[in-house]
Amino acid sequence: MTSSALGRDFRLLWSAAVSSRFGDALRTPALALLAATVTRDPRVVAAVAVAGLLPPLLFGLLGGVYADRWDRRRAMALVDGVRAVVVAALAVAVALDRSPVVVLLVAAFVLATLGTLFDSASFAMLPMVVPPDALARANGRLQAGSAVAGGFLGAPAAGILFAVAPALPFAVDAVSFAAAALLVLALSPPPAVASATPPRRGSVWNEIAEGVRWLRGHRTLWRVTLLTAASNLAISGILAVQVLYALEVLRVPPAGYGLFTAAAIVGGLTGALGAGRLAARLGTVSALLVVLAAETVALAGFALARHPVSGGIALAAFAAGTVVWNSLWASYGQQQVPSGLLGRVGAAQRMVGLLTAPVGAAVAGLVAAAYGTVPVMGGAAGTFALVTLAAWWALRPAAPTPTVAPTSDATEARPVPHPSR
């Protein structure tokens with residue numbers, strides 16, 4: 001099924017997601033390059049990256065509350081409109097050579113903070129524009145489009161545009177946000193939102209607690225969320241030292257590292273296009289169990305590989321499994337969670353799922369410094385083996401459940417194993 005077969009509103013949502021992802025893929029490396037031109041202090045350069053990573057942990061649950069309170073279509077359009085203004089102002093500052101480190105820190109933090117509301121609203125948006133039996137295919141098209149726009153187009157173009165003019169990638173990113181805002185505004189207003197009387201609201205903290213309690217009280221969804229958090233220990237560790245493992249162990253030539261990481265993009269694209277068919281054939285929870293087992297095998301192969309080709313194939317297979325897991329993990333929740341709680345429960349899922357990522361990256365760095373990168377990959381494979389065993393024990397009774405309803409590409413609780421993740 002093509003995106004056109006999924007209807008006008010899905011085409012608009014798909015186009016908005018792809019446009020926004022393309023801009024993100026330009027801005028993220030451009031910010032790193034700009035920080036490196038302003039200062040060579042690695043602590044400052046790293047601080048710019050951290051400024052973009054903190055808001056989801058600090059404000060993710062708050063974004064979920066307002067995604068449930070407000071018209072999600074208008075909230076997404078407003079957020080992208082504001083982000084367009086912020087990035088345009090950054091582009092002007094760069095063009096005028098008035099972009100000290102504090103400007104980069106503030107821009108990265110503000111954009112990521114706004115993104116928490118956008119992510120929560122988009123999580124709940126897809127079921128409003130696509131029929132339930134088409135959600136799996138729709139999610140695959142969203143993830144595939146984002147992979148192409150981000151990995152194949154945006155990331156390579158970022159360095160080229162920055163070399164032409166440092167302000168250029170930010171200017172293009174501003175245009176992408178503005179285009180995404182207009183596309184989202186063109187979506188049909190959901191009838192329920194247009195006609196319903198706004199419900200009586202409690203305090204923000206009570207609403208956050210309501211979403212967390214709902215997630216905690218749903219046996220299967222909570223267990224899958226914990227399994228996602230556990231697997232992120234391994235994935236973040238892989239990402240932290242992947243470049244060193246590729247160069248030193250797999251003997252990937254420095255000039256060929258981009259081609260090597262493209263294997264993960266190809267794998268992720270393949271997984272995105274096949275997630276719907278796998279879920280339709282096996283059922284969502286059963287497919288999750290199969291995917292975890294396949295990822296464990298692929299990661300073991302990556303840890304044992306000593307050649308760029310075998311390592312690239314294993315990495316591609318692992319990336320495919322990761323994208324399928326992202327789709328099906330969120331899909332189960334989107335099928336189970338009431339519409340009025342989708343923003344808050346989705347935000348809680350993302351936050352719990354990503355809490356372990358900094359720990360995994362830090363541990364991987366320490367282990368690699370003391371013993372090399374090979375033990376990191378072996379430990380990651382062992383972690384996935386344990387997660388797989390735990391999943392087969394914890395989810396087996398629910399395996400016959402046939403529900404399928406993936407989320408939008410904005411809900412990505414497990415990073416895809418390549419640098420643009």
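Where is aspartate 97 found? Aspartate 97 sits in the loop between helix H3 (72-95) and H4. The model described here is predicted.

Aspartate 97 has a phi near 60°. That is a positive value in a residue other than glycine. Most residues other than glycine have a negative phi. The relative accessible area of aspartate 97 is 69%, so the residue counts as exposed.

Arginine 251 also has a phi near 60°, again positive in a residue other than glycine. Its place is the loop between helix H9 (219-248) and helix H10 (257-282). Arginine 251 is exposed because its relative accessible area is 61%, over the 50% cut-off.

## Aromatic pairs

The whole structure holds 4 aromatic pairs. One of them joins phenylalanine 59 and phenylalanine 109: the ring centres are 6.0 Å apart and the planes stand at 80°, so the pair is edge-to-face. Phenylalanine 59 belongs to helix H2 (residues 42-69) and phenylalanine 109 to helix H4 (residues 101-129), so the contact ties together parts that are 50 residues apart in sequence. Phenylalanine 59 is partly exposed, at 28% relative accessibility. Phenylalanine 109 is partly exposed too, with a relative accessible area of 29%.

Another pair is made by phenylalanine 318 and phenylalanine 384. Its ring centres lie 5.2 Å apart with the planes at 75°, so this pair is edge-to-face. Phenylalanine 318 is in helix H12 (residues 308-336) and phenylalanine 384 in helix H15 (residues 374-395), so the pair ties together parts 66 residues apart in sequence.

## A charge over a ring

Arginine 83 meets an aromatic ring in another way. Its charged end sits over the ring of phenylalanine 118. The distance to the ring centre is 4.9 Å.

## A covered helix

Helix H13 covers residues 342-354, which makes 13 residues. From first C-alpha to last, H13 reaches 18 Å. That is close to the 18 Å expected at 1.5 Å a residue.

How many of the 13 residues of H13 are buried? The count is 12, so H13 is mostly covered, buried meaning under 20% relative accessible area. Two arginines, Arg344 and Arg350, are among the buried residues. The buried set also includes Gly343, Gly346 and Gly353.

## A nonpolar surface patch

Which residues make the nonpolar surface patch of about 300 Å²? They are Val148, Phe152, Leu153 and Val266. Helix H5 (residues 135-164) supplies the largest share, 3 residues.

Leucine 153 is one of the patch residues, and it is found in helix H5. Its relative accessible area is 46%, so leucine 153 is partly exposed.

## A glycine approach

Glycine 301 is located in helix H11 (residues 284-304). With a relative accessible area of 31%, glycine 301 is partly exposed.

How far apart are the C-alpha atoms of glycine 301 and glycine 311? They are separated by 7.5 Å. Along the chain, the two glycines are 10 residues apart.

Note on methods: Residues numbered from 1 in each chain as written. Predicted model: local features only at pLDDT ≥ 70, side-chain atom pairs only at ≥ 80, totals over all residues. Heavy atoms only, no water. Patch = residues over 30% accessible without salt bridge, like charges linked within 9 Å, V, L, I, M, F, W, Y side chains within 5 Å. Areas by Shrake-Rupley, 256 points an atom, 1.4 Å probe, with all protein chains shown as cover. Salt bridge = Lys/Arg side-chain N within 4 Å of Asp/Glu carboxyl O. Helix = DSSP H or I, 4+ residues; strand = E, 2+ residues; numbered from the N terminus. Buried < 20%, exposed > 50% of the residue type's maximum accessible area, 1.4 Å probe, protein only. Phe/Tyr/Trp six-rings, centres within 6.5 Å; stacked < 30°, edge-to-face > 60°. Lys NZ or Arg CZ within 6 Å of the ring centre and 35° of its normal. Expected span 1.5 Å × (residues − 1).
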